[in-house]
Amino acid sequence: MNARTARQWMVTHEWMVKPMAQAEWIEGKGLLVWLAEVFSALGTGLYLVSIFFSQSYPKAAFWGGILGWIGIAIFKLPLHFLYLGKPWRFWRAFPPVSNAWKTSWFARGIVFTMIFLGFAAIQLILQGLIAYDVETGSGIEAANWIFMVLAGISCVVTSVYCGFAMSYCKSVPFWNTGLLPFVFLIMGIADGMALIMGVGMVTGDDLIQRAESITRILLITNAFLIIVYLVNANYQSTVAELSVKALVRGHVAWVFWLGIVLLGIIVPLVISVVSYFTEQEASTGLLIFAIVCHTIGAFSLKYGVLKVGIYRPLLPKAHAY
């Protein structure tokens, strides 16, 4: 075997003995997966929050739900389809055409998303009639509640399926934990709370103080979940420990400390806490800044978790990454 052939063999098979960073979901065309999942978190989070505020602030809830629906239908789904090798065959994921949904989380995600969009579209029409005082009877309100429940359940499933898809990847130990879906869900709802404040500023609904009080709890909860997730991964396996090191003090550390910790958690939390103790609502400029920071945190969280995913080698001994 000459030197060139030997080198080609070693490069081709180094994944068998060396932890290798995954690139399929975060580099090149894989960036579409990252963007799709970010818009999924923002869209589902905003819709769930809109349901929560639907009785107290119907107009803000209506427009928040519309924006959440658009985030899923106009941004998430097309990005997912573009990532697929043959996007025009997406219909093959649906039963009874195929049983792909039984084995593929991507197929399940498309099915869950389409079900959510259908229920949510009907619910938003009903919510709009109620919000703008169109002559409605008890039947419209009852139907709104029914579709609100159906859309809410399918929305939660749409929100967490990415976390479950990643947690089922046993070849990437850093993702292989049941905590991941809850981290994504709580952060998405926190981002939804931030976005609904922006919607309330436009519609004139005075929901900022209430939304801020909930956001404080969600941010603290998510910070705790992220810490538990990283500590658990650090002791889970050698390869998962490499992922934690890459995220906290390696080549992705700037995303973690700047995007996730500082902008995604600390800045919005400080603004909210200061407004609580001063008993004054934050200025419009500060609120917009907090909302932008929340959104940057959403992009950073998904990017960081996807970027530091490292495949476990076939042979048990892992070398330095």
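**Reading rings and helices in a predicted model**

Modeller: At 0% relative accessibility, F53 counts as buried (under 20% relative accessible area; exposed is over 50%, partly exposed in between, with a 1.4 Å probe and protein chains only). Keep in mind that this is a predicted model, where local features need pLDDT of at least 70, side-chain atom pairs count only at pLDDT 80 or more, and totals for chains, interfaces and linings use all residues. Residues are numbered from 1 along each chain as its sequence is written, and side-chain values use heavy atoms, leaving out hydrogens and water.

Colleague: Thanks! How many aromatic pairs does the structure hold?

Modeller: Rings of Phe, Tyr and Trp (its six-membered ring) pair if their centres lie within 6.5 Å; planes under 30 degrees apart count as stacked, over 60 as edge-to-face and the rest as tilted. The structure holds 13 such pairs. In one of them, the centres of F52 and F53 are 5.1 Å apart with planes at 85°, so this pair is edge-to-face. F53 also pairs with Y57: the centres are 5.9 Å apart and the planes at 55°, so that pair is tilted.

Colleague: Where is the place of S50, and which residues does S50 touch?

Modeller: Helices are DSSP runs (H or I, at least four residues), numbered from the N terminus. S50 sits in helix α2, residues 31-52. Its relative accessible area is 3%, so S50 is buried. Leaving aside residues up to four places away in sequence, S50 touches A61, G64, G65 and I196 (contact means heavy atoms within 4.5 Å).

Colleague: At what angle do α7 and α8 pack?

Modeller: Axes are lines fitted to C-alpha atoms, for helices over the stretch in contact, and angles run from 0 to 180 degrees between N-to-C directions. Helix α7 (residues 208-236) and helix α8 (residues 238-249) pack at about 135°, with axes 6 Å apart. The two are therefore oblique (under 35 degrees is roughly parallel, over 145 roughly antiparallel, 65 to 115 roughly perpendicular, the rest oblique). On the α7 side the contact is made by L230, A233, N234 and Q236, and on the α8 side by A240, E241, V244, L247 and V248.
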